[in-house]
Amino acid sequence: MNIYDDFIKRAVGVLEQELGHNLAGVYMIGSLAHGGFSEQYSDIDLAVIVRNSVLDLAGVIEKCRLLDRSWGPRLSVFWGDARFAGGRFPILDQVDFCDHRIVVVEHEKPPSLRPGLPQVRAYLLGHPIDYWREKTEYFSTVHELRREDEKEFVRCLLYPARLVYTWTTGALTSNDDAVTFLAGHEPPGLDLDLVDRGLECRTSGRDPRTLFSERRRLRDQMQACLRWVNS
């Protein structure tokens, strides 16, 4: 039994009670499904498929979060109908759902509508890279790593691997596999050692402050990846 199983079971109970017939299925995605779950850093990623995509699930999701002090704040729900209409279901999470989903409860089997590589690359050039740039600039200028920023800092260290893997393959994978893939596919000028140390920090649960002195190198890592993407 996994440490998060009871929380997911109770959350599904709330979803079934609140949504009734409109609930078509609940699935684990993210690191729960494709591997690399970290008790310290990972979110509880659930995909909820509904029959009526105009529903507002915000209140229902909040009820799920209130079920547990530890896991509730880390619950991330991606939702929409089986054709990914409405709701909150970004393209990368659609890909993850199509490739890796693990059924928690399924009342109606969804069709396979997996986004292709051109759609994935177009999406990466928008919000994901913009968000990475924002966090990189933030960490490059602050003088102290706050406890609430630790997860995002480690994500910034590892994002080159995740970006290169997904840009190349159009798929998602664990951080471990993405870092392994990066060796031999790295953009020119990228410091592989810094990515490797970020992964070691994540997998060992080591204090990320031990790498915070490298924060000004995050800009160079990002620029090497952006040059590669735009080449």
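I began with strand β2 (residues 44-50), which pairs with β3 in the parallel sense over six bridges. Strands here are DSSP runs of E, at least two residues, and helices are runs of H or I, at least four residues, numbered from the N terminus. I take two strands as paired if DSSP finds at least two bridges between them.

Before going on, I note that this is a predicted model, where local features need pLDDT of at least 70 and side-chain atom pairs count only at pLDDT 80 or more, while totals for chains, interfaces and linings use all residues. Residues are numbered from 1 along each chain as its sequence is written, and side-chain values use heavy atoms, with hydrogens and water left out.

**Sheet**

I looked up the other partner of β2: strand β1 (residues 23-28) pairs with β2 in the antiparallel sense over five bridges. Ala-47 has Phe-78 of β3 opposite, and Tyr-27 also stands opposite Ala-47.

I then traced the whole sheet, which is open, has four strands in the order β3-β2-β1-β4, and is mixed in its pairing.

Is β2 covered or open? I find it mostly covered, with seven of its seven residues buried. Buried means under 20% relative accessible area, exposed over 50%, and partly exposed in between (1.4 Å probe, protein chains only). Ile-44, Leu-46, Val-48 and Val-50 point one way from β2, and Asp-45, Ala-47 and Ile-49 point the other way.

**Pockets**

I used a 1 Å grid over the protein atoms alone; a pocket is an open set of points where a 1.4 Å probe fits, with protein on both sides within 12 Å along at least five of seven lines, and lining residues have an atom within 4 Å of a point. Grid points are joined across faces, edges and corners, and a volume is the space filled by probe spheres set on the points.

The largest pocket comes out at about 1100 Å³. It is lined by 39 residues, and those closest to its centre are Leu-92, Asp-93, Arg-155, Tyr-159 and Arg-162. Elements giving two or more residues to this lining include α4 (91-100), α7 (150-169) and α8 (175-182). Helix α7 gives the largest share, 11 residues. I sorted the lining into 17 nonpolar, 11 polar and 11 charged residues. Ala, Val, Leu, Ile, Met, Phe, Trp, Tyr, Cys and Pro count as nonpolar, Asp, Glu, Lys and Arg as charged, and the others, Gly among them, as polar.

The second largest pocket holds about 180 Å³. Its lining has one nonpolar, one polar and six charged residues; among them are Tyr-41, Gln-40 and Arg-147.

**Single residues**

I checked Asn-175, which lies in helix α8. Asn-175 counts as buried because its relative accessibility is 14%. Leaving out residues up to four places away in sequence, Asn-175 touches Leu-158, Arg-162, Leu-199 and Arg-202; contact means heavy atoms within 4.5 Å.

Glu-62 sits in helix α3 (residues 58-65). Glu-62 counts as partly exposed because its relative accessibility is 37%. From C-alpha to C-alpha, Glu-62 and Trp-132 are 27 Å apart in space and 70 residues apart in sequence.
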